[in-house]
Amino acid sequence: MKSILTAPQLAITIKRLAHQVLENHLGLSNTVIIGLQPRGVFLSDQIVAAIRQELPGQPVEYGKLDITFYRDDIRKELHIANRTDIPFSIENKTVILIDDVLYTGRTIRAALDALLDFGRPEKVELCVLIDRRFSRQYPIQPDYIGKSIDSIVSQKVKVYWQEKDGREEVAILD
Amino acid sequence: MSLSTKHLLGIKNLTPEDISLILSTAAQFKEVLQRPVKKVPSLRDIVVVNLFFENSTRTRISFELAEKRLSADTISFSASASSVSKGETLLDTVNNILSMKVDMVVMRHSASGAPHFLAQHIPAAIINAGDGINEHPTQGLLDAFSIIEKTGSLQGRKVAIIGDIMHSRVAQSNIFLLNKMGAEVTVCGPPTLIPKHIAAALNVNVSYNLQETLQWCDVANVLRIQLERQNQVLFSSLREYSLAYGINRRLLDSLHKEIVIMHPGPINRGVEIDSDVADSKQSIILQQVENGVAVRMAVLYLLSQRSN
């Protein structure tokens, strides 16, 4: 196991991602944030908390999306569905999708399909903590990147979260 | 994690884990049904045939809607408009349909055990949509889902099932399910409509007193008097039944608490339940119907994993 981001580094990176989102969408007036279930939500929770700190008293629209029913490997393996909660309209809004690790791009492909069932956004951007470069199977690239890494297929990238795993760290498992 | 069974023949052979998985998946599908586009692509490679050898409104529409919301291809079949009336056997009918590459079969049949018989002879996944007086598992599941939605949990919940227990597949599926999930069940009705050894056989309380039963329970599931299954006289008249076992406003007002009223439909208004009760805020009859689609989506989704 090789550590890529320690807890303090992770905190700084998340803060930077929040600032980059704000930089591009000052005030977030026509922008909504949607975290992907199950593990992207730990990241989006922290990014949204950081954004809310920067914009006190201002509403930030934040939802969670589960893509289980849109997966393309549905016949291979049963996945347990998680809660989707998007209590606002995404029609003509800029949507910032947030996930922890971008690897093959298949999850984001499913997320785009799922998203369109909620309306027609003006624009969709992608924010990820870890971008595993050179491993994409679909033409998808992120707009905000916490850290880019080069890894081989046999390796696993794991993000540990305090609420779920009892600590915060990003590591490569061989 | 997946279901322990390839078919849904009854609640009897499900584990508590199976039931929890179906109910939690149904909660996610209920959210799908609130979206602007109430449809997901999960079953777009699956063909489902609905075989209804017995009449149905709710269950049939609910299954068809659930299949369409999952993007499955569907074929619907009713016995009266088919070669069954020319004398074709059940197995021949189904095998002919399956040879056209069908993945799942939803079947309602007046003979108890018909889906179990099919399951031994055909490879497709079978979902029992009601077989004779045996089971109606998706109704049991949607009733459980509705109780959890309204009261928070099944564990320790006191549920009364009232009416024609003898001929009711809904009662049987509910009893199996509620027992497995830690609820307490009392069946209540005239002695002629309650099977003799049910207390010992199915682990339920038996009561012939409606007022006492309602006072005891948190939830009352009121069954339909099945006029089509009464080939002998088991009570003297509908009016007499209604006076002794009909749920009316006066009776509910005499209780010291507000209980939840359920009914699997179709309602005989003024017989087992009065209109003002059926249409009151206490009643969750229409929520049951709404939840039925989500629960059936969950069952189809989870069983489709096994059918390939």
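Helix axes are lines fitted to C-alpha atoms, for helices over the stretch in contact, and the angles between N-to-C directions run from 0 to 180 degrees. Two packed helices are described by the angle between their axes and the distance between the axes. Keep that in mind for helix H5 (residues 137-151) and helix H6 (residues 169-180) of chain B, which pack at an angle of about 55° with their axes 8 Å apart.

This is a predicted model, in which local features need pLDDT of at least 70 and side-chain atom pairs count only at pLDDT 80 or more, while totals for chains, interfaces and linings use all residues. Residues are numbered from 1 along each chain as its sequence is written, and chains are lettered from A and ligands numbered from 1 in the order in which they are written.

**Confidence**

- The model has an ipTM of 0.88 and a pTM of 0.92.
- The mean pLDDT (the predictor's confidence in each residue, from 0 to 100) of chain B is 92, and 96% of the residues score at least 70.
- Helices (H or I, at least four residues) and strands (E, at least two) are DSSP runs, numbered from the N terminus.

**Two domains in chain B**

- Chain B is divided into domain 1 (16-135 + 292-304) and domain 2 (137-288); such bounds come from an automatic or database domain assignment.
- The C-alpha centres of these two domains of chain B lie 26 Å apart.
- Their contact takes 19 residues from domain 1 of chain B and 17 residues from domain 2 of chain B; two residues are in contact if their C-beta atoms, placed from the backbone, lie within 7 Å.
- On the side of domain 1 of chain B that touches domain 2 of chain B, the elements giving two or more residues are helix H1 (16-32), strand E4 (125-131) and helix H12 (285-304) of chain B.
- The largest share of that side, five residues, comes from H1(B).
- Sorted by class, that side of domain 1 of chain B has nine nonpolar, six polar and four charged residues.
- For these classes, Ala, Val, Leu, Ile, Met, Phe, Trp, Tyr, Cys and Pro count as nonpolar, Asp, Glu, Lys and Arg as charged, and the others, Gly among them, as polar.

**Where the chains meet**

- The contact between the chains takes 13 residues from chain B and 13 residues from chain A.
- On the side of chain B that touches chain A, five residues are nonpolar, six polar and two charged.

**Helix pairs in chain B**

- Angles under 35 degrees count as roughly parallel, over 145 as roughly antiparallel, 65 to 115 as roughly perpendicular and the rest as oblique.
- H5(B) and H6(B) are therefore oblique to each other, and residues of H5(B) including B:Leu141 and B:Ala144 meet residues of H6(B) including B:Phe176 and B:Leu177.
- The contact of H5(B) with H6(B) has six nonpolar, four polar and one charged residue.
- Helix H2 (residues 58-69) of chain B packs with H12(B) at an angle of about 55°, with their axes 8 Å apart; H2(B) and H12(B) are therefore oblique too.
- From H2(B), residues including B:Phe63 and B:Leu65 meet residues of H12(B) including B:Val293 and B:Met297, and the residues of this contact divide into seven nonpolar, two polar and four charged.
- H1(B) and H5(B) pack at an angle of about 65°, with their axes 10 Å apart, which makes H1(B) roughly perpendicular to H5(B).
- In this pair, B:Ile22, B:Leu23 and B:Ala26 of H1(B) meet B:Leu141, B:Ala144, B:Phe145 and B:Ile148 of H5(B); the contact has seven nonpolar, no polar and no charged residues.

**Backbone details**

- Most residues other than glycine have a negative phi, and most peptide bonds are trans.
- A:Gln37 and A:Pro38 are joined by a cis peptide bond, with omega about -5°, and A:Pro38 lies in the loop between strand E2 (31-36) and helix H2 (40-54) of chain A.
- Another cis peptide bond joins B:Gly265 and B:Pro266, with omega about -10°; B:Pro266 is in the loop between strand E9 (260-262) and helix H11 (275-278) of chain B.
- A:Asn92 is not a glycine, yet has a positive phi of about 60°.
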